[in-house]
Amino acid sequence: MNVIATAVSGAPIPRDLELPLPLGEFEVKVLLVVLFLAHIFFVNLMIGGSVFSVFLEILGLKWARFDSLSRKIAETITVNKSLAVVLGVGPLLCINLVYTLHFYSANSLTGYAWFSIVPLVTIAFLLTYLHKYTWDRWGGSRKRLHIIVGGAASFLFLSIPFVFLANINLMLFPEKWHEVRGLFSSLGVGNVFPRYFHFLTASIALTGLFLAGWFGRKGYPVEDKLPEFNRPELRRLFYRIAYYATIAQLVFGPLVLVTLPYSGISLELFLLVGAGLLIALMVLFLLSREIKASDVRIGKRYAFVCLLFGAVVLIMGTGRHVYRESSLAEHKKLVEDETMRFHSIETAARMRLAAGLDLGDAIGGPLTGEKVFKNCAACHAVDRVLAAPSLKEVYSVYKDNPAGIIEWAKKPGRKRPEFAPMPSFSQLGDEKLALVADYILEIGSGESANAGNVTDSVSTDTPDMTQ
Amino acid sequence: MDFPLFFLDYFGNRLLIAVVASLHVFINHPFAVGAYPLVVLLEWWGWRKGSAEWDNLAYKITRVLFIITTSVGALTGVGIWLTTALIAPFGIGSLIRVFFWGWFFEWLVFISEVILILIYYMTWKKLASGLHKKIHIGIGVTLSAFSWITMVVITAILGFMMGSGKWPETQSFLSAVFNPIYLPQLAFRTTFAMILAGLCIWFMLFFFTRKAAELRRKSVRFVAIWMLAWIPLWIAALAWYWSVVPDAMLANINVALLTQKFMHWHETLGIIMAAAAGVIVLTVLIGCVTPRFLPRVALLIPFVICVWLFGHFERVREFVRKPYVIADYMYSNGVRVSELPIFQRDGILPYATYVDNHSVTSTNAADAGRDVFMIACSRCHTTVGVNSVIDKFQDLYGDGQWDEGAMSAFISSMHNTRTYMPPFPGNEKEANALIEYMKKLRSDREPIFGGQTAWSPKPSSKDNAD
């Protein structure tokens with residue numbers, strides 16, 4: 001292997017799968033970005049909802065009306081979490097398709113943590129149901145227990161993204177793979193932590209915006225369901241959360257950018273992030289207007305805010321993809337070359353084989369009983385018992401009766417309980433069986449010049465490793 | 001196989017996916033495919049009778065179904081993707097390239113199913129009367145249909161994956177339907193899901209109705225009649241399935257040892273099937289005649305027998321596939337059929353990225369053998385745990401000294417004598433190195449760790465492979 005004096009030096013250069021993609025690479029990548037954003041939208045709402053719900057339930061210990069609000073938020077989580085999971089499969093298929101080598105390698109290197117996603121998410125979901133359906137029964141003296149259950153689910157929801165982030169991050173830096181020993185050591189690669197806080201804050205902002213619309217919409221009977229609140233008040237509360245979380249992103253966003261390893265930074269990335277930032281500032285401006293708006297006017301700009309917010313998410317999602325592409329470009333090229341190189345070796349070897357060259361003694365040349373006997377040598381030796389009677393013994397039974405050997409080999413019975421039963425060799429066909437039967441009788445008689453060779457090759461104690 | 005390999009020693013990669021996939025099937029079949037039509041029927045019955053307590057019972061059962069299917073059910077389903085990524089990245093990666101649109105379609109059906117479950121459960125109290133109730137029951141019927149369609153699609157994909165030799169030529173989904181085992185398999189799964197669902201819901205009735213209540217008697221009888229109605233179809237499907245198993249198995253296993261074992265096993269399967277059917281019929285008849293007679297623990301007996309039966313059923317399905325992960329294209333250890341000759345000529349180590357030793361020398365035999373084990377054997381075998389490679393040799397060569405020549409002969413011909421095994425993908429030196437490692441492993445019984453904890457190649461240690 002050539003020494004690679006670049007950003008990817010030290011990276012393994014494996015071969016890719018040889019099968020072609022079922023659709024264009026560009027199309028898969030578009031599908032990946034779009035489907036991923038649909039998935040992460042519900043993940044954000046699931047995590048944000050869970051955090052809000054626990055936080056408000058604790059506040060509810062002192063001010064009862066927050067307990068009702070917390071409960072109404074908790075009711076949204078079970079729907080959002082189901083959609084988050086089911087929508088995760090599409091982008092998973094796409095990323096496996098187009099980053100097969102990088103993604104699966106990262107999965108493997110964080111293997112225990114990667115697998116633990118399955119039980120951990122299951123437990124988080126069951127705790128979420130327990131939290132939701134015990135709200136009435138676990139009031140009063142068991143309220144604390146109820147909050148702990150909600151908190152435990154929340155804790156799991158907050159922890160699990162680390163595994164995904166670690167994988168999505170680790171796949172970008174093959175030059176670090178040899179240092180990784182599971183999840184915790186992989187957290188040191190790239191910039192997992194800034195990305196985590198960026199993601200978490202996005203969850204808060206998005207959930208704030210979602211709930212401003214959820215409770216603020218005309219069809220929601222605030223008077224019935226949350227009589228201690230009124231609609232403009234709820235709108236304002238969740239607008240504020242979205243507003244402050246988006247301001248916090250002005251810190252976390254640049255932090256993610258400056259901590260990104262240099263290898264994938266490109267001008268396109270800066271242009272995209274710059275455009276995203278401009279629109280994010282417009283979102284902030286609109287949010288501040290909404291918060292200050294009168295009870296009558298608040299909510300009028302909601303659809304517009306969501307549209308711009310969606311644009312920011314789409315642009316940042318694309319930026320993230322652009323970074324991934326340029327970060328992996330060099331390594332992907334090397335992998336492609338290695339794959340091609342192997343492919344040409346493989347093709348050349350196949351052609352030589354087809355032309356009858358390069359065949360070892362075992363397969364090449366005319367068919368002989370000796371060659372066919374290799375199928376038998378795992379259990380039969382000339383004058384020793386391996387896992388079956390010796391050839392000498394076979395000879396004593398089948399002397400002058402090669403047809404008997406053929407018949408037995410095609411449909412063996414079981415005479416000796418001390419040995420494992422013999423498998424049938426009918427698939428070898430009569431021609432080969434006839435050859436091997438003659439060979440067995442020749443060797444078994446002890447009169448052949450070959451006998452010594454067989455004994456040697458079958459009972460070597462120290463195989464020659466240097467051949 | 002050019003991935004850092006995740007390896008779970010002792011327990012085994014194979015068992016890991018078996019646990020996740022079986023759990024998924026044991027949730028999916030009774031609690032989704034079978035239970036939704038039954039619960040919709042319960043709802044419809046209650047509505048026809050104008051019985052609020054009957055409706056409420058159906059609602060309580062739906063809550064359990066909703067919680068289980070959207071947590072354990074959904075996560076074990078996604079878990080199959082996450083687990084196969086670890087145990088066979090080359091296999092699942094290639095399969096996704098071949099069956100992308102099939103899985104994409106299945107995913108869309110799956111999304112619809114989950115959305116319908118959410119709607120069905122959450123609108124139960126809102127859509128409570130008159131036309132609303134009719135709509136609600138309509139949603140339930142649609143949900144039941146989608147739930148079944150996911151099974152139809154995924155069974156087709158599984159059948160297609162295993163259909164030997166079809167894919168390279170036809171590349172058509174129709175081959176799935178012509179897979180000898182597909183239709184009987186689907187019939188068996190469907191009817192079995194209905195019966196198991198009856199059993200599970202019957203069990204729930206003990207918790208949601210009082211023993212003395214009239215509702216208990218009526219609902220148990222209702223569920224028992226549901227099961228009774230499916231029993232003839234189920235038995236017909238069992239018989240159909242049992243009759244095609246030999247075709248499917250024997251087409252893939254041409255070795256008489258296995259044939260003998262199989263014949264014995266096929267008889268056992270027949271006995272288990274007859275026993276399961278007998279116990280179910282008896283249970284159902286008791287349920288119809290004296291609904292209050294059986295206690296809840298008694299239901300565990302038919303349930304356990306069914307689980308056992310189903311285990312056998314899934315084993316057949318898996319066995320038909322071997323030694324391939326994709327029929328005639330890739331072996332279960334990730335070696336492609338077309339690259340086998342160069343590995344047998346040059347060895348596999350020179351072409352492997354994630355190993356410490358790229359060739360066998362006079363000093364590294366056991367270590368190189370361990371690398372060979374990792375690449376060639378570790379997808380199915382552990383060192384000394386479940387399906388241990390040492391135990392396999394022990395069975396053959398016993399407690400004394402193992403003959404290296406015989407072991408070498410075994411390695412080079414095992415695919416002829418045990419046709420579920422792929423051919424050894426290495427040269428003679430590597431086979432001998434593997435034997436050295438087996439000898440070492442036999443004495444020190446030291447487990448090994450996969451890429452998730454221990455992969456540490458020296459950077460640029462890969463030799464030029466020419």
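Guide: Start with confidence: pLDDT is the predictor's confidence in each residue, from 0 to 100. This is a predicted model, and the mean pLDDT of chain B is 86, with 88% of its residues at 70 or more.

Visitor: Where in chain B is confidence lowest, and where is it highest?
Guide: The lowest mean, 54, belongs to helix H5 (residues 166-170) of chain B, and the highest, 95, to helix H15 (residues 428-444) of chain B. Residues 458-466 of chain B have pLDDT below 50; this stretch still has 13 contacts in the model beyond near neighbours in sequence.

Visitor: What does the model score as a whole?
Guide: The ipTM is 0.91 and the pTM is 0.90.

Visitor: How should I read the interface of the two chains?
Guide: The size of an interface is often given as the accessible area lost when the parts come together. Here the description is by residues in contact: 78 from chain A and 78 from chain B.

Visitor: Which elements of chain A give two or more residues to the side that touches chain B?
Guide: They are helix H2 (64-98), helix H3 (100-109), helix H4 (111-133), helix H11 (302-354) and helix H16 (451-459) of chain A. H2(A) gives the most, 12 residues. By class, this side of chain A has 47 nonpolar, 23 polar and 8 charged residues.

Visitor: Next, helix packing. At what angle do H1(A) and H11(A) pack?
Guide: Helix H1 (residues 25-60) of chain A packs against H11(A) at about 130°, and the axes are 10 Å apart.

Visitor: How are the chains divided into domains?
Guide: Chain A has domain 1 (25-345) and domain 2 (369-457), with centres 67 Å apart over C-alpha atoms. Chain B has domain 1 (13-330) and domain 2 (337-444). The contact between the domains of chain B takes 14 residues from domain 1 and 11 residues from domain 2. On the domain 1 side, helix H1 (residues 13-49) of chain B gives the largest share, 3 residues. That side divides into 9 nonpolar, 2 polar and 3 charged residues.

Definitions and conventions: Residues are numbered from 1 along each chain as its sequence is written. Chains are lettered from A and ligands numbered from 1 in the order in which they are written. This is a predicted model: local features need pLDDT of at least 70, side-chain atom pairs count only at pLDDT 80 or more; totals for chains, interfaces and linings use all residues. Domain bounds come from an automatic or database domain assignment. Two residues are in contact if their C-beta atoms, placed from the backbone, lie within 7 Å. Helices (H or I, at least four residues) and strands (E, at least two) are DSSP runs, numbered from the N terminus. Ala, Val, Leu, Ile, Met, Phe, Trp, Tyr, Cys and Pro count as nonpolar, Asp, Glu, Lys and Arg as charged, and the others, Gly among them, as polar. Axes are lines fitted to C-alpha atoms, for helices over the stretch in contact, and angles run from 0 to 180 degrees between N-to-C directions.
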